[in-house]
Amino acid sequence: MGERFTLITGRTRKQAIGLHKGKASPEYREATSYVEMSPDDMQRLGLVDGALVQVHSVAGSARLTARTGTVPSGLVFVPMGTEINALIPAETGGTGMPPFKGLEVDVSRDDGGGETL
Amino acid sequence: MSTIVEPVTCSFCGCVCDDLSAEVDNSRIVRVRGACSSGLGMFTGYDPAPRKPTVDGQEVTWEEAVAEAAAILKGAHSPLIYGLSSTASEAQRKAVELADRIGAVIDSTSSVCHGPSGLAMQAVGEPTCTLGEIRDRADLIVFWGCNPDASHLRHFARFSLTPKGALTTNGRQDRTVYVVDVRPTGTTKRADHFLQVDVGSDFEVLTTLRLLVRGKEPDVESVGGIPVADLAELAQRLKSCRFGVAFMGMGLTMTAARQLNVAELFTLVSELNQYTRFSVMPMRGHGNVAGADQVLSWTTGYPFAVSFARGYPQFSPGEFSAVDMLVRQATDAALIIASDPGAHFPRAAAQYLSEIPTIVLDHAESVTASHAQVVFPTAVYGVDASGTAYRMDNIPIPLHKVIETERVTDEDVLQRIIEAVQ
């Protein structure tokens, strides 16, 4: 098992630009396939920029590229897009809104090898 | 020889910027002036070449596609109509008419965006204003749980930070800007003050602000990771400004308390009007998601998640919202208009959508369209079709046709389907 974090998703400029090029485009895929973490968390998990990580939630898992970002320790950010949907539960608490922010996830190093996305 | 077309309106995001111009050469847009990097692709990335509709991946005539779509919808026990936020209000109105005719559930992307803001508005009201009033008068701006630096790129320049207005003649110097968010962003770099709140603690912080505005002191050092002294300073500024505005985003609607977070902010803003003038405005994402709320509200009385199954409109988020309909397998056919839930919904909902008969109206290829039985490649409002979009402050803005193409509009296709299902 990995270490417990809180996940938020959100928009980025590159995600919007990639949207116009199509969701199968390399630009969109690169813009939506990473997880941003704090420098302290990256170091503690032994990660460098570009390392592959596995992110697990109660709904599923995703394989993403780790990036150092400005998020506080304990929080991870993933741009909205096709990759992150595997992690989002479909329960909406009677509102219609799935928990796209504030979701508990486990993040671990992906030691299975493979190329970065 | 190229020609300049103006005004051109971008309907990518809720700013609905209507001050653009385009250079058109041989029915192609070759350059757009004034567009941001997010909106530019709507014009320069669009291939307006005529495309035939498809049924099961095979090109067919429009008549055949309409007949197939009508057969799917008429044969369904519980059809779902979803999307709407990136089409014009004229098409949104037709979608409601179709939902009424076939007893469908109709929902927009509001349900996965500012749906909780709509619920909060119904519960406690929404003291709001126009973006023009904000540009001219507001001297205190609060961005709460939103990052317009990434999502609404011209918002700062046109409305909230730097424009010079009637009472804000010095532009940025005449405004104090706060950001409340869980992380530093591009927006926090533009602010005078950044209060970093712990994830999921917005409700407690807002309640504390209501307390402080009333002159009471909580007996704790900090709330939600923010020192009470900083909140007390903010409370004082909220009460003493000339005209304040709180812009709020998904940081409130997508975290645990959802509509309760938003209702607490709306209530705080309402109470601030005992001291000064204060408004609140949801940062609407898609270019005409506000229009979807408007059209559904005028025609059914409710802004999203509406069912016509019993022959009259019923409102029930959590029941008639698209994600819930799909994950409970409560629908057996879907009509998706200018949206891509197959790419943006939780996997369980998207998976079920890919398993039921689906009709898609969209100008571009999408994940949803790749699984659909019937696909109608339609025009883009504001590019090769005219229509209306509602800006985030609910002001209707005309979308002008920039180029002539042979593409039909969403409104045309929906009208043909309405005629075919009768």
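Predicted model: local features only at pLDDT ≥ 70, side-chain atom pairs only at ≥ 80, totals over all residues.
Colleague: What is the radius of gyration of chain B, and what does the globule rule give for 422 residues?

Modeller: Chain B contains 18 helices and 21 strands, and its C-alpha atoms fill a box of roughly 70 × 55 × 30 Å along the principal axes. For 422 residues the globule rule gives 22 Å, and chain B comes close to this value, so it is as compact as a globular protein of that length. The radius of gyration of chain B is itself 22 Å.

Colleague: Which element gives the largest share of the side of chain A that touches chain B?

Modeller: In this contact, 37 residues of chain A meet 43 residues of chain B. On the chain A side, the elements that give two or more residues are β1 (3-10), α1 (13-21), β5 (75-79) and β6 (101-109) of chain A. The residues on that side divide into 17 nonpolar, 15 polar and five charged. The largest share, five residues, comes from α1(A).

Colleague: Which strands stand at the edges of the open sheet of five strands in chain B, and why is one side of each left without a neighbour?

Modeller: The strands of this sheet follow the order β10-β9-β8-β13-β14 (chain B), with parallel pairing, and neighbouring strands are turned by 15 degrees against each other on average, direction ignored. Within the sheet, five bridges join β8 (residues 140-144) of chain B to β9 (residues 176-181) of chain B, and B:Leu140 has B:Thr176 as its bridge partner in β9(B). Each edge strand has a single partner strand, so one side of it is left without a neighbour in the sheet; these strands are β10 (193-196) and β14 (277-282) of chain B.

Colleague: At about how many degrees does helix α12 of chain B run to β14(B)?

Modeller: Helix α12 covers residues 259-272 of chain B and lies across β8, β13 (243-248) and β14 of chain B. The angle is taken between N-to-C directions on a scale from 0 to 180 degrees. Relative to β14(B), helix α12 of chain B runs at about 160 degrees.

Colleague: Which residue stands opposite B:Ile81 in β7(B)?

Modeller: Strand β6 (residues 79-83) of chain B is mostly covered, with five of its five residues buried; B:Pro79, B:Ile81 and B:Gly83 lie on one side, and B:Leu80 and B:Tyr82 on the other. Strand β6(B) pairs in the parallel sense with β17 (residues 333-337) of chain B over five bridges, where B:Gly83 stands opposite B:Ile337. Four bridges also join β6(B) to the parallel strand β7 (residues 105-108) of chain B. In β7(B), the residue opposite B:Ile81 is B:Ile106.

Colleague: How many of the 14 residues of α3(B) are buried?

Modeller: Helix α3 (residues 89-102) of chain B reaches 20 Å from its first C-alpha to its last, close to the 20 Å expected at 1.5 Å a residue. Just after α3(B), B:Gly103 takes a positive phi of about 70 degrees. The buried residues of α3(B) include B:Ala91, B:Val96, B:Leu98 and B:Ile102, and of its 14 residues the buried number is 10.

Colleague: Is B:Arg391 buried or exposed?

Modeller: B:Arg391 lies in the loop between β20 (387-390) and β21 (396-399) of chain B. Not counting residues up to four places away in sequence, B:Arg391 touches B:Gly14, B:Cys15, B:Val16, B:Leu131, B:Ala290 and B:Ile397. With 24 other C-beta atoms within 10 Å, B:Arg391 is buried.

How values were computed. Residues numbered from 1 in each chain as written. Chains lettered and ligands numbered in written order. Contact = placed C-beta atoms within 7 Å. Nonpolar A, V, L, I, M, F, W, Y, C, P; charged D, E, K, R; others polar. Pairing = 2+ DSSP bridges. Rg over C-alpha atoms; globule rule 2.2 N^0.38 Å. Expected span 1.5 Å × (residues − 1). Buried ≥ 20, exposed ≤ 12 C-beta atoms within 10 Å, placed from the backbone.
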